[in-house]
Amino acid sequence: MPFKKLDTNTLILIAMGVLVILASAGLAAWLYQSSPAVAKPTAKPTKVAAVVQGKALTTDQATALGIPTAEMQKQAARRPQQPSTQPTQDAGKALEVLETPKYVSNAEAGVTTFEKRPKVAIVIDDVGVHSALSRKADKVLPPEVTFSFLPYGSATMELAKKARKEGREVMIHLPMEPMPRLDEPPIDPGPNALFVELSPEEMRKRTQINLKDLKDMSVGVNNHMGSRFTSDLEGMKVVLPIIEESGLFFMDSLTTPNSAVEEAAKAVTPNMPLLKRDVFLDHYITEDALRAALQRLEKEAQATGKAIAIGHPHSRTLSVLQDWLPTLPYKGIDLVPITHMLADDTPAFEPSAPALPKGIAAPQNSQEENPSDAEAPTSIEEPQQPEPMHVINPEDQNGTTGLY
Ligand SMILES: [Zn+2]
């Protein structure tokens, strides 16, 4: 019967239709699952160029929509924040060693400087060991002052992270063997310190241990103590390449006039930027000595365009710095983070006295120059000074003099 026949045909058609629909749905589901548009771990990550509102896009789709791809964003993140001053030629060459050295990527650019004005950088060493004084230093000193952290300090990691958040540049204070002093017990530079008697392998291992936790947030390394180790050419030749490979620069604290750092660097790390300390601020922790050291720093900067001081978190050092730092703008001197010392801008520097802002008198202490200093060489001063360590600040004497 036609009705019955039709019914059978209809049933067959319906069955076929259902099959087609099921097959299409299955195919669609399979296609959907294997589509790169689904951001799931099994999808090929190379095909997902960008994810916008939960939807993955291919490179072509992202490009067509003008959306930056993950790769473009990564490249942007890797791109160095340029300091306000240009990196030196040496810094440029070191770019070949690492994609972006940490003294470029971790440099703080947020400082207003004037190209032709003298610049000073202040590095506070030994931060992290004496927790109360380290905290005080962090609280009272502006972020343009650089902190060098002892890797083994109890407050080191906490304060180093805080420093980075505040826009302060961080260095690693690498403990090294001091020269033994006559009639004095041997001085311990701290755990994992570098000694000249160690095997090169052990030196490498200890250097890596010291750099490990801080290197990603640091710009450079300077020696803690080290009057013996830094005068050892072979030892420095072992240590400097590890610092360079870590994307960091080295600053010689110059705790000995016999430093072999420069010679070692020329031999093994000629492309790594090298800095050296000009003035120790608090070898003698009296107000007069501190102020005299700061005047030497000013003179050095005015004579050569730039100067680096090292100080320590002593109460008196901090209070004298608090007094002195606000006078710098009136003297035409810029306080800069340590990486600004890597810039080779000396040719632009004009040593003529900078003009004071109108109506502002020069601070008194800048006039008090010791005539006997007038003929003193303006290059590196006080290399003969013994290195500062275990200096007791009468104010900080609560059994916690530590390693200052
Ligand atoms: Zn030190």
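Residues are numbered from 1 along each chain as its sequence is written. Because the model is predicted, local features need pLDDT of at least 70 and side-chain atom pairs count only at pLDDT 80 or more, while totals for chains, interfaces and linings use all residues.

The protein has 13 helices and eleven strands, taken as DSSP runs (H or I over at least four residues for helices, E over at least two for strands) and numbered from the N terminus. Of its 404 residues, 40% count as buried, that is, with 20 or more other C-beta atoms, placed from the backbone, within 10 Å of their own. Contacts join residues whose C-beta atoms, placed from the backbone, lie within 7 Å. Among contacts between residues at least 6 apart in sequence, 73% join residues at least 24 apart.

On the α8 side, the contact is made by Pro 200, Met 203, Arg 204, Thr 207 and Gln 208, and on the α9 side by Gly 235, Val 238, Val 239 and Ile 242.

Glu 300 lies in helix α11 (residues 287-304). Val 279 is 21 residues from Glu 300 in sequence, and their C-alpha atoms are 8.9 Å apart.

Conventions:
A residue is buried if 20 or more other C-beta atoms lie within 10 Å of its own, exposed if 12 or fewer, and partly exposed in between; C-beta atoms are placed from the backbone. Two residues are in contact if their C-beta atoms, placed from the backbone, lie within 7 Å.
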